[in-house]
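Subject: Structure for you to look at

Hi there,

Here is the structure I promised to pass on. Have a look at it first, and then read on for my notes.

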Amino acid sequence: MTDIATRATRVVASHGGRRRLNGGGPRAGTIFAFVIPFFLPFVLFYLVPVGYALWQSVRVVRRTGGQYGTSYTTFGGFEQYGKVFQNTEFWSSVGRIGLFGIVQVPVMLFVALVIALLLDTPLLRLKSVFRITAFMPYAVPGVIAAIMWSYLYSPQLSPVVDLLNGIGLKPDFLGPGAVLWSAANISTWLWTGYNMLIMFSALQSIPQELYEAAKLDGANNWTIAWQIKVPIIAPSIVLTTVFSIIGTLQLYAEPAVLRQISSNISSTFTPNMLAYAVASGNNYQQAAAISVVIAVITFVLSFGFMRLTSKRAGL
């Protein structure tokens, strides 16, 4: 037995020495093989398009020999950005989407938080059914959801409108004062379940001992929910808020679909719709500049919100 143990020790020692001679870890080629499946698409489908958009945004189209002369593209510096900042339609769309976000994002996150807290209580039965029901709208593509809701908004087709007209309310979901909130309702219906799932996952990671200690101190379910659970999952709430800010500035599908049945939505209703309309007119350089400005505004708002919340939390 002693000889066997001695030989085993020598084998292990020899392998360990060989491993140390080989560098003590995996080869660089092995690491690269694991990284490249992520890195290559990231470069091709993210960094390259972003770089190309930045390059296009500093280009301008010039003509020789007057309006009908030969056109050529050259470096224009910040000329395209100057046109963006002077574009009243751009600022109108930014203001419209800002109003959308100020109202829709808090409402959506509050509803998501309430549903997550309800699903986390021991009093609720059939939790899996309610969880799947709340998350199910997220599985519907945004365009399909907008088409479904446009049917419910249409005065000629909607049974909801007929029912409300029958009791004398006479709603106009596609009117100039309501169409923005009709789009907000679609976004809320789509994304509440997604945000709820993030918050609910955070709630599931809280140790049960905290709840037991709180109950021993006389806390009820309401106190536990708002004074223990919500502060603990605050990072998840911040994360969903950042995602919602980014999604708000990317709003496109809902108003684009509603535009087919409402004359109160123009082609410049949101910043993304404006960029698409400009690009459709073959002014790709101006569209690229609009896209870059949208990206910068998104970054500033998201980063600013994260810094503000981290300071308040003392991080």
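The protein chain has 14 helices and two strands. Please keep in mind that this is a predicted model. The chain runs to 315 residues, and 33% of them count as buried. If you take the contacts between residues at least 6 apart in sequence, 64% of them join residues at least 24 apart. The accessible surface amounts to about 19,700 Å², with 67% of that belonging to carbon and sulfur atoms.

Phe39 has a relative accessible area of 43%, so it is partly exposed.

Next, the backbone. Most residues other than glycine have a negative phi. Lys170 has a positive phi of about 50 degrees, although it is not a glycine. You will find Lys170 in the loop between helix H7 (159–166) and helix H8 (179–204), and its relative accessibility of 62% makes it exposed. Asn282 also has a positive phi, near 65 degrees. Asn282 sits in the loop between helix H13 (271–280) and helix H14 (284–312), and with a relative accessible area of 54% it counts as exposed.

Staying with helix H14, have a look at Thr298, which is found there. Is Thr298 buried or exposed? Its relative accessible area is 12%, and because the limit for buried is under 20%, Thr298 counts as buried. Apart from neighbours within four places in sequence, Thr298 is in contact with Ile246 and Leu249.

Now to the aromatic rings. How many aromatic pairs does the structure hold? There are 15. Phe85 and Trp91 make a stacked pair, with 6.1 Å from centre to centre and 20 degrees between the planes. Phe85 is partly exposed at 44% relative accessibility, and Trp91 is partly exposed at 41%. Then there are Tyr153 and Phe173: their ring centres are 5.4 Å apart and their planes are at 40 degrees, so this pair is tilted. Why does the pair tie together parts that are 20 residues apart in sequence? Because Tyr153 lies in helix H6 (residues 142–153), whereas Phe173 lies in the loop between H7 and H8. Tyr153 is buried, with a relative accessible area of 5%, while Phe173 counts as partly exposed at 24%.

Arg96 has its charged end over the ring of Phe269, at 4.7 Å from the ring's centre. Lys229 lies over the face of Tyr211, 5.0 Å from the ring centre.

That is what I have for now. Enjoy looking through it!

Best wishes

Technical notes: Residues are numbered from 1 along each chain as its sequence is written. This is a predicted model: local features need pLDDT of at least 70, side-chain atom pairs count only at pLDDT 80 or more; totals for chains, interfaces and linings use all residues. Side-chain values use heavy atoms; hydrogens and water are left out. Helices (H or I, at least four residues) and strands (E, at least two) are DSSP runs, numbered from the N terminus. Buried means under 20% relative accessible area, exposed over 50%, partly exposed in between (1.4 Å probe, protein chains only). Contact means heavy atoms within 4.5 Å. Accessible areas come from the Shrake-Rupley method with a 1.4 Å probe; for residues, only the protein chains shown count as cover. Rings of Phe, Tyr and Trp (its six-membered ring) pair if their centres lie within 6.5 Å; planes under 30 degrees apart count as stacked, over 60 as edge-to-face and the rest as tilted. A charge sits over a ring if NZ of Lys or CZ of Arg is within 6 Å of the ring centre and within 35 degrees of the ring normal.
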